[in-house]
Amino acid sequence: MKGINMETLLRIEDLETVFRSDDGEVKAVDGVSFEVGEGEMVGLVGESGCGKSVTALSIMRLIPDPPGRITGGVVRFGGRDLLSLSEKEMRKVRGNEISIVFQEPLSSLNPVFTCGEQVREAIALHQKLGRRASKEKAIEMLRLVRMPDPEKRYKSYPHQMSGGMRQRVMIAMALSCEPKLLIADEPSTALDVSVQAQIMELMLSLRESMEMAVLLITHDLAVVAQMVDRVIVMYAGVVVEEAPLGSLFERPAHPYTEGLLGSIPKLGSRVDRLPSIEGSVPDPLRLPPGCRFSDRCPKRFDRCTEAEPEMFTVSSGHRSRCWLLAESEGS
Amino acid sequence: MRGIGQNGESKGRGLWSAGWARFRDNRLAMTGAVIVLLLYFVAILAPILTPYDPIEHGDIPRMRYMQPNPQHLFGTDKFGRDVFTRVLYGSRISLTISFLAVLISVVFGSVVGAVAGYSGGFIDAVIMRIVDALMAIPRLFLLLTCVALFSGSIWLIVVLLGVTGWMATARLVRGQILSLRGQDFVRAAEALGAGRKRIVLKHLIPNTLTVIVVAATLRIGGIILAEAALSFLGLGVPPPTPSWGQMVFEGREALLGAWWVSTFPGIIIAVTVIGYNLLGDGLRDAFDPRQYV
C-alpha cells in the first residue's frame, strides 16, 4: 500500500460547483475535498448524478458556463490554485499536466480527421515539434497504447475503428504529453466487457511505466477493486467515505458504501437476487434534511435527520461521513 | 456505431471518397457537375472556340442582326458582333463574379456564424441581431444605390454581391456550430488544451464544411441571377464587356425582329443556374454530415 510518505499532487478543498436550472441553483458538487498523491491511483465512485464527473470537469475547469459555475474552493495542483489561473495559463495545464479520458470514445473524436492526425494535434498543442517529428511521435504513442498496426491506423478515421481502438486513440492523445495526472471518466463503461478489461489493464501498465497519478471515475466498485490504491465514495454531491482499498472492502464505515459493496455479484456464491439500495438518488433541489443518505439508509436514527454529519476518522486514512461513527466515538 | 462504418461499401475510405462514391451514382448530380465543368472549360477556352472578337464591331450594315447560321450559330447583334462569341466570353464574367462573390460571402459568413455559435450568450445575441437587421434591408435597392453612387465595375459588383450575401451563411453555420458545440469531441479538444481559435478553425468549421460547400454551390445560381438582373437594369458590368444579363438587356429593343440576341444568353443563364443547383443538391445528398455524426 502506498500513501504514507507520498507527495501530494492534487489537493481539492471545499470545491463547490453549481448549475443553474429553471427550478433554481443545483449544487452538483457541494464542498468536496480530497487529495491525490504523486503516482497514486485513486478511484472516485458513486451513482450517476452524484457529482463525480462534475468534480472531474471542475478540476479541468471545463464546466460549461452557462449553466454551470465553480462557486468556491481551491484546486491545488503543483503549487498553484488552478481555479485562479487565467484561461491561457489553464490551457497549458490541460492535456499537458492533467489529461482526461471521457466515456464515449466515438463522439470524443473529431469525425472528419484521421485518428493519427488527432494524436498529432494533441502533441503539437504542447510540444514544439516539426510535422515529421510530431507524426513519428504520434505513431509511437499509438504503438504505446498497443494499437495494432499503428502506421496504417494513423490514417484511419474514427468511424472505421472499433470502440476499443478508439478508446486507445483517446488514451494515446491524453498521454501524449506525459501528464502528471490522468483523469479517466468511466473510460471503459461504453465498451464490451472483454475490451473493458484490456483497456483497464492498459491503463494500469501505462500508469506504472509513466509514473503518473490516475483519478479513476466509475460507478462500478468491482472495476475499482482490481486497480486502485484508495477509494473515494461520493453521494449527492459530497464525499461520504474515503479509505485505502483494503480497509474499504473489509470495513466499510458508511451504510451507502456497504450497500454498494453488497450489490457486487460474487463469483461462486449463489444468490437469487442481488441486494440493492432502496430508493434512488435524491433530487438535488429537495435533499432530505440532515444526512443526504438518510431517506434511503437502513441504519437511520433520530440524529440523521437533524443535522448533516461531518467526516469522522475511522482509522488512518479512512474517514466517513456518518453519525454512527460519532456514536461509537462518543461512547 | 452508426453510419457508413457499418456497411462494407465504404470501409477503408475517408469521408470525402465515400461521399464521392454516392455522388457518382446520382445521375442528376453528375449532369449538374458536367454542365458546370463545361462552362468553366468554355470560359477558359473561349479564344480557341471562336474566331470572332467579342467587343469589336462588325461591318454594321452588312452584319447587323444576322439570323443564326453556320458561321454565326447564335446570330449577330446590332453592332454586328457574333452572339455565340459574346456568350462564350460572357461566361468568364458570370463565372468569375459568381465564384468570387460567393467566396467572399461564404468565408465571411462562416467566420461570423462560427464565432457567434461558439461564443454563445451576449456576443451571439449581438451578432445575430446585426444579421437580422442586415437581412431586413432589401438587397436589390441597396445594390442599385451603391452602383449608382460609385460607377459600376466588375470588382465593385463582386464586392457588393459578396458583402450583401453573407448573412444567410452566417445563420446556417451558426446553427451547425450550436449543435456541434456541445459534442464530446469539442470538449475533448478543450480538455487537451486547445484554444478558442483552434477549436473554431480546426474542429468546428471542418465539421460544417460539407454544409458550407453545398450552400455555397446553391447560392452561386442566385448570384448569377443577381448579376444578370443588375446588368439587365444597366447597372452591372459596364459595356462593351459582355455579360449575359447585359446581353439580354441589349437584345430587348429588337426582341420581335431579332429574338436570338436576348434568347441565347437567357437560355445560358437558365442552364447555368440549373447546373449549379443540380450540383448543389447532389453534393448535399452525397455529403450530408448527419449521416456520420
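**Figure 1. Contacts of B:Leu278.** In this predicted model, B:Leu278 touches B:Leu28, B:Ala29, B:Thr31 and B:Gly32, when residues up to four places away in sequence are not counted. B:Leu278 itself lies in helix 12 of chain B, and because a residue is buried if 20 or more other C-beta atoms lie within 10 Å of its own, B:Leu278, with 23 C-beta neighbours inside 10 Å, counts as buried. For orientation along the chain, B:Val200 stands 78 residues away from B:Leu278 in sequence, and the two C-alpha atoms are 30 Å apart in space.

**Figure 2. The crossing of helix 2 and helix 12 in chain B.** The axes of helix 2 (residues 27-49) of chain B and helix 12 (residues 260-287) of chain B come within 7 Å and cross at roughly 130°, and the two helices are therefore oblique to each other. The crossing in which helix 2 of chain B passes helix 12 of chain B is left-handed. On the side of helix 2 of chain B, the contact is made by B:Leu28, B:Ala29, B:Thr31, B:Gly32, B:Ala33, B:Ile35, B:Val36 and B:Leu39, while helix 12 of chain B contributes B:Val271, B:Thr272, B:Gly275, B:Tyr276, B:Leu278, B:Leu279, B:Asp281, B:Gly282 and B:Asp285. Sorted by class, this contact between helix 2 of chain B and helix 12 of chain B has ten nonpolar, five polar and two charged residues.

**Figure 3. The setting of the helix pair within chain B.** Chain B has twelve helices and zero strands, and the C-alpha trace of chain B spans about 75 × 50 × 25 Å along its principal axes. Of the 293 residues of chain B, 42% count as buried. Among the contacts in chain B with a separation of 6 or more, 71% are accounted for by residues 24 or more positions apart.

**Figure 4. The contact between the two domains of chain A.** Chain A is divided into domain 1 (8-228) and domain 2 (236-266 + 274-331), and the centres of these domains of chain A, taken over C-alpha atoms, are separated by 28 Å. Domain 1 of chain A gives 19 residues to the contact, and domain 2 of chain A gives 13 residues. On the side of domain 1 of chain A that touches domain 2 of chain A, the elements giving two or more residues are strand 2 (24-37) and helix 8 (221-225) of chain A, and the largest share of that side, ten residues, comes from strand 2 of chain A. By class, the side of domain 1 of chain A that touches domain 2 of chain A has ten nonpolar, five polar and four charged residues.

**Figure 5. Two loop residues of chain A with positive phi.** Most residues other than glycine have a negative phi. A:Arg146, placed in the loop between helix 4 (131-144) and helix 5 (150-153) of chain A, has a phi near 60°, a positive value in a residue other than glycine. With 16 C-beta neighbours inside 10 Å, A:Arg146 counts as partly exposed. A:Ala236 lies in the loop between strand 9 (230-235) and strand 10 (238-244) of chain A, and its phi is near 50°, again a positive value in a residue other than glycine. A:Ala236 is buried, with 23 other C-beta atoms within 10 Å.

How values were computed:
Residues numbered from 1 in each chain as written. Chains lettered and ligands numbered in written order. Predicted model: local features only at pLDDT ≥ 70, side-chain atom pairs only at ≥ 80, totals over all residues. Axes fitted to C-alpha atoms, helices over the stretch in contact; angles between N-to-C directions. Helix = DSSP H or I, 4+ residues; strand = E, 2+ residues; numbered from the N terminus. Parallel < 35°, antiparallel > 145°, perpendicular 65-115°, else oblique. Left-handed = near helix turned anticlockwise from the far one by under 90°. Contact = placed C-beta atoms within 7 Å. Nonpolar A, V, L, I, M, F, W, Y, C, P; charged D, E, K, R; others polar. Domains from an automatic or database assignment. Buried ≥ 20, exposed ≤ 12 C-beta atoms within 10 Å, placed from the backbone.
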